Amino acid sequence: MPGTKKVKFNPAQYMSSSALTHKTVHVAAGHLFYSQGDPANSLYYLESGRAKLIVVSHRGKEATVALMMAHDFIGEESLAGSAGIHAASAVAITPCTALKLDRDEMIQMMHREHEFSDMFLKFVLTRAIRTQEDLIDQLFNNSEKRLARTLLLMAQFGDPGEPRTMIPPVTQEALAEMVGTTRSRVSKFMNRFRKLGYLTYNGRIHVHKSLLNVVLHDKLPDQTASRPVTLDPKRTPAEKKKRAKVV
């Protein structure tokens with residue numbers, strides 16, 4: 001009817017009230033939702049808290065590959081195949097509350113409920129974009145800029161709504177794992193950010209909007225304004241001669 005306000009779709013409320021088999025789980029900080037290599041036969045809808053996905057290599061090296069927050073799905077790869085396994089471990093950063101969902105019933109619900117399917121598809125696409133951005137960040141940015149981006153992501157800058165400038169409790173060792181550097185370098189960068197007024201911390205880290213300068217402008221106050229980018233490096237006379245013959 002004209003003038004009727006459309007009620008915003010609430011996935012948590014819908015899943016709780018539907019015939020979908022689920023159970024509410026509470027995961028303490030530092031505990032696992034599932035481990036790398038476990039059968040991928042269920043997934044989780046994170047109602048509250050923060051979590052991360054970590055991968056451990058055969059040599060025992062650990063890396064954080066994604067940060068999760070409320071309203072994210074965890075373990076969505078279980079929908080890709082009936083006999084799959086989890087490629088990463090999901091670990092709670094803070095105390096978490098989540099709905100645990102059976103994969104087969106989840107697939108059936110996605111076929112029935114188009115609004116829910118649209119919401120889930122948007123999540124998957126957003127995750128894919130974030131993964132691509134993470135890869136670009138790892139390949140082309142230095143560790144100081146990667147740390148700045150990680151802190152901004154944890155503070156939810158760029159997400160709808162106001163950012164949460166106080167990020168969840170996190171150690172410098174954990175930040176080093178996320179960034180791919182050493183704890184000593186994280187400590188050095190954190191002290192530098194604090195001196196520049198980009199963040200404050202006394203037990204909990206408060207991220208200020210000014211930290212965006214490191215990511216958006218790719219420089220700190222004491223760095224040069226720009227760095228020349230060589231698109232076509234200069235060739236020696238011998239290389240020019242060789243190129244001319246080829247052409």
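Reader: Which elements do the buried residues of helix H5 pack against?
Author: In this predicted model, helix H5 covers residues 172–179, and its buried residues are Ala174, Leu175, Ala176, Met178 and Val179. These residues have both strands and helices as packing partners. The elements they pack against are strand S4 (51–56), S5, helix H3 (114–140), helix H4 (143–154), helix H6 (183–195) and strand S10 (205–207).

Reader: At about what angle does H5 run to S5?
Author: Helix H5 lies across two strands, S4 and S5. Its direction relative to S5 is about 90°.

Reader: Where is His71, and is it buried or exposed?
Author: His71 sits in the loop between strand S5 (62–68) and strand S6 (73–74). Its phi is positive too, about 80°, although His71 is not a glycine. Exposed means over 50% relative accessible area, and His71 has 54% relative accessibility, so it counts as exposed.

Reader: In what order do the four strands of the open sheet lie?
Author: Start from the edges: strand S2 (32–34) and S5 each pair on one side only. The pairing in this sheet is antiparallel, and neighbouring strands are turned by 30° against each other on average, direction ignored. Reading across the open sheet, the order is S2-S7-S4-S5.

Reader: How many bridges join S4 to strand S7?
Author: S7 spans residues 89–92 and runs antiparallel to S4. Two of the pairs can be named: Leu53 has Ala90 as its bridge partner, and Lys52 has Val91. The number of bridges joining S4 to S7 is four.

Reader: Which residue in S7 stands opposite Leu32?
Author: On the S2 side, two bridges join S2 to S7, and these strands also run antiparallel. The residue of S7 that stands opposite Leu32 is Val91.

Reader: Which residues of S7 are buried on its two faces?
Author: Both faces of this strand are covered. One side carries Ser89 and Val91, the other Ala90 and Ala92. The buried residues are therefore Ser89, Val91, Ala90 and Ala92, where buried means under 20% relative accessible area.

Reader: Are H3 and H4 roughly parallel or roughly antiparallel?
Author: Two packed helices are described by the angle between their axes and the distance between the axes. The axes of H3 and H4 come within 10 Å and cross at roughly 155°, in a left-handed crossing. An angle over 145 degrees counts as roughly antiparallel. H3 and H4 are therefore roughly antiparallel.

Reader: How many charged residues are in the contact of H3 with H4?
Author: From H3 come Arg130, Glu133, Asp134, Asp137 and Gln138, and they meet Arg146, Arg149 and Leu153 in H4. These residues divide into one nonpolar, one polar and a charged group. The number of charged residues is six.

Reader: Are H4 and H6 roughly parallel or roughly perpendicular?
Author: These helices pack at an angle of about 70°, with their axes 10 Å apart. Angles of 65 to 115 degrees count as roughly perpendicular, so H4 and H6 are roughly perpendicular.

Reader: How many nonpolar residues are in the contact of H4 with H6?
Author: H4 passes H6 in a right-handed crossing. In H4, Ser143, Glu144, Leu147, Ala148 and Leu151 meet Arg185, Val186, Phe189, Met190, Arg192 and Phe193 in H6. One of these residues is polar and three are charged, while the number of nonpolar residues is seven.

Reader: Is Thr150 buried or exposed?
Author: Thr150 belongs to helix H4. Leaving aside its neighbours within four places in sequence, Thr150 is in contact with Leu67, Leu175, Met178 and Val179. Its relative accessible area is 9%, so Thr150 is buried.

Reader: How many residues along the chain lie between the positions of Arg103 and Gly75, and what separates their C-alpha atoms?
Author: Arg103 lies in helix H2 (residues 103–112) and counts as buried at 9% relative accessibility. Arg103 and Gly75 are 28 residues apart along the chain. Their C-alpha atoms are separated by 9.8 Å.

Note on methods: Residues numbered from 1 in each chain as written. Predicted model: local features only at pLDDT ≥ 70, side-chain atom pairs only at ≥ 80, totals over all residues. Heavy atoms only, no water. Buried < 20%, exposed > 50% of the residue type's maximum accessible area, 1.4 Å probe, protein only. Contact = heavy atoms within 4.5 Å. Pairing = 2+ DSSP bridges. Axes fitted to C-alpha atoms, helices over the stretch in contact; angles between N-to-C directions. Parallel < 35°, antiparallel > 145°, perpendicular 65-115°, else oblique. Left-handed = near helix turned anticlockwise from the far one by under 90°. Nonpolar A, V, L, I, M, F, W, Y, C, P; charged D, E, K, R; others polar.
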